[in-house]
Amino acid sequence: MSTNIINNDLNLINDEAIDQIKHDSLDFDTYAQVLAEAILETPSPFTVAIYGEWGKGKTSLLKFLMNEISLNKNNTINVFYDAWKFENDDNPILGLLNIVEKNIKKIRFEYDEDVILSILEYIKYIKNAVANITNEAKIATLDLNNENIIDKDIEKHIVNQSTYFEIYALLKGLEKLLSKENYKIIIYLDNLDKCKPKNSIRILESVNLIFDLKGFSFVFAADRSILEERLESNIKNSKEYLDKLVQLPFNLPSFKGKIEDLLDNLYSKNNSNLILENSIKNVIYSISALNILTPRLIIRLINRIKVCSKIYDKLNPNTQIEKENILSLFAISCTLDELFRDFHNILIKNDTFIKYLIASLQNENLDKESLSLNINILSSDKKSMLNIVENNFHVLKMIFNTEQGKYWLENKMHRVSTYEFLKLSNEIIENIQIDSMPRYKTDFLDNAILTEEETVINPKEFIKIPNQDFEMSKYVITNKWFEEFILSGGYNNSKYWNNIAANVWLMKNKISSLNEKYDKMVEKEAEFFKKKYKEELIKENFISDLQPIVYITYYEAEAFCKYLSDLDEVYDYQMPTKEQWEYVGKAGKENRVYPWGNNWNPNYCNNGITQLNKTSEIGMFPQGNSKFGVSDLVGNVWVWTSSLEGNEFNYLKGGSWNFSDTSYFKVYGDNITFYNNPSYQHYDIGFYCIRIKKEHQILI
């Protein structure tokens, strides 16, 4: 019997909320800090709504928020209420009071005992009064069904009005106590969108009517569209109802560009030293641009791929397929089945469609007419298939341009085999219970989040290059640093522009602010950007202090270097030559293929696969640093060099966020080198500086 090719430890992921900063990959800690400040500083009553689709992380953010507020010991009490668990309670008000009472009792010794006891006394009496209303209402209902009742007037069997006045007085007393002692009770309502419509209304009305008091604040989490839909059956205008109820709506932002961190942290929660295989990783990255992608969907997809792969291996002990290829097959098959099931069903055995799909992907252009004429399937299926391909062409291109996608397309027998397996095993997979979550951690997580030394970045740092007389800026030149040049009058100082061609360019392109530069970029590039990426070119995506300066000509970069040389009595500054850049990239005589080593890893730099569609801040990919410590040497932005091609064009090196072909990112060997007119500008071109002591000469 052959050795198992899939690790015995499935290394699956448990879909549970995160609540610790070391597991935070979606910026929840930052969101929680700001929301906590809003809740603590805003007079109560105050209601916050956290809106987001199922599986996007609402409960995780609630937990981060609770932790953040609990750090503030200034008389704030957290109460978590899972509406879904208690939706069938006869009286949601009473259930909510019970949860409040239970939570306060747990933390009573952390606060002033006399105040806590007084709060508990009020809650006790309010509970008794509410219970009396419930019991009397039940009796009234029973009496109405009694045929011996002569007078069936409901008002005679409803609770005595004095009970309501008693509750009102108790609530006002509690409000006065909380206000006097400066206490605040914060109630977190989760899973409202999972409740039945009538129960969602009951719970929201309980919050709105009973706890509309000073001293109480509320945070509820839900998918707004689902919640509105469920409320519509009872409320005519559910949108206005929610807007009136909520003072601060917060929509969970997209986590595009955070896939790597998300995957790392999903595996870090249980301190496992196991990792997520690249075969799965690459496919997950390829679909990261999909709006429907959520952490929950990613978790389900990873678990399904792993379990299917292991079962398939055990059922086929004599298979000659290697481990990575089994994972590759199921990574693609499970992804297609999860996201494009109808497409998958038709595509799987249709060689003609596969042929035309490959041709379209290679040409990066969908020939819909040719595809329609040449595939022999039912007209209804054909229309559906063409629509799927047309509407998702960019994502499908990303999927099938991975090594795993290419392998899947090229091996008909294997892809059919995995497809048939999925059809037989879907019920098994869906019923598997996941009890543990191993850990996956990378250098990126260590450096970007946990390591204190890396939390402070000096964008003006220079690194001495071994065996050379020059130092190189550790990072590409940032917006903040270049802005200093602009504000110092750099575009008006003629000694920085003593080249005739530079002066000619400057006459029509002077700027007085960084905003002006990026406004011009948006004006000139917006149409092309939208056509290529199906989204707007937004200035704010490029202009933060620690992002690289882009849309920069060689002339501007050269003027900046002259400006630095003018300020510094010790060093002269310039752009590196092509050879200097390559020396740093390949680590001298080591002749590295990539700055980090000889194997390509799309997670080590900002490239087209990461799907950020913009520059990233410096220092965000420390695992991709060169041996000498220079950051972002490949990826993020192309950089100008002072070397010329044909005495007319300057070489550009390094690739950028705008490219995905690995050849663009090689620093040695079979690499692709660009060159362009020194007046050329683009939203993915920046530059480094090197410096050398004024009395020295550069060796290379």
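## Salt bridges

Asp-519 and Lys-539 form a salt bridge in which the closest N and O atoms are 3.0 Å apart. Asp-519 belongs to helix α23 (residues 514-533), while Lys-539 sits in the loop between α23 and α24 (554-567), so the bridge ties together parts that are 20 residues apart in sequence. Asp-519 is partly exposed, at 39% relative accessibility, whereas Lys-539 is buried, at 16%. The model described here is a predicted one.

A search of the whole structure finds 17 salt bridges. One of them joins Lys-627 to Glu-590, with the closest N and O atoms 2.2 Å apart. Both residues lie in the loop between α25 (578-585) and β9 (638-645), yet they are 37 residues apart. Lys-627 is partly exposed, with a relative accessible area of 47%, and Glu-590 is partly exposed at 39%.

Glu-536 pairs with Lys-530 in another salt bridge, where the closest N and O atoms are 2.8 Å apart. A network of salt bridges links Arg-300, Arg-304, Asp-337, Glu-338 and Arg-341.

## Cysteines

The whole structure contains zero disulfides. For Cys-308, the nearest cysteine sulfur is that of Cys-334, 4.2 Å away.

## A parallel strand pair

Strand β2 (residues 76-82) is mostly covered, with six of its seven residues buried. β2 pairs with strand β3 (residues 184-190) in the parallel sense, over seven bridges. In this pairing, Thr-76 stands opposite Lys-184 of β3.

Notes
Residues are numbered from 1 along each chain as its sequence is written. This is a predicted model: local features need pLDDT of at least 70, side-chain atom pairs count only at pLDDT 80 or more; totals for chains, interfaces and linings use all residues. Side-chain values use heavy atoms; hydrogens and water are left out. Buried means under 20% relative accessible area, exposed over 50%, partly exposed in between (1.4 Å probe, protein chains only). Helices (H or I, at least four residues) and strands (E, at least two) are DSSP runs, numbered from the N terminus. Two strands pair if DSSP finds at least two bridges between them. A disulfide is a pair of cysteine sulfur atoms within 2.5 Å. A salt bridge is a side-chain nitrogen of Lys or Arg within 4 Å of a carboxyl oxygen of Asp or Glu.
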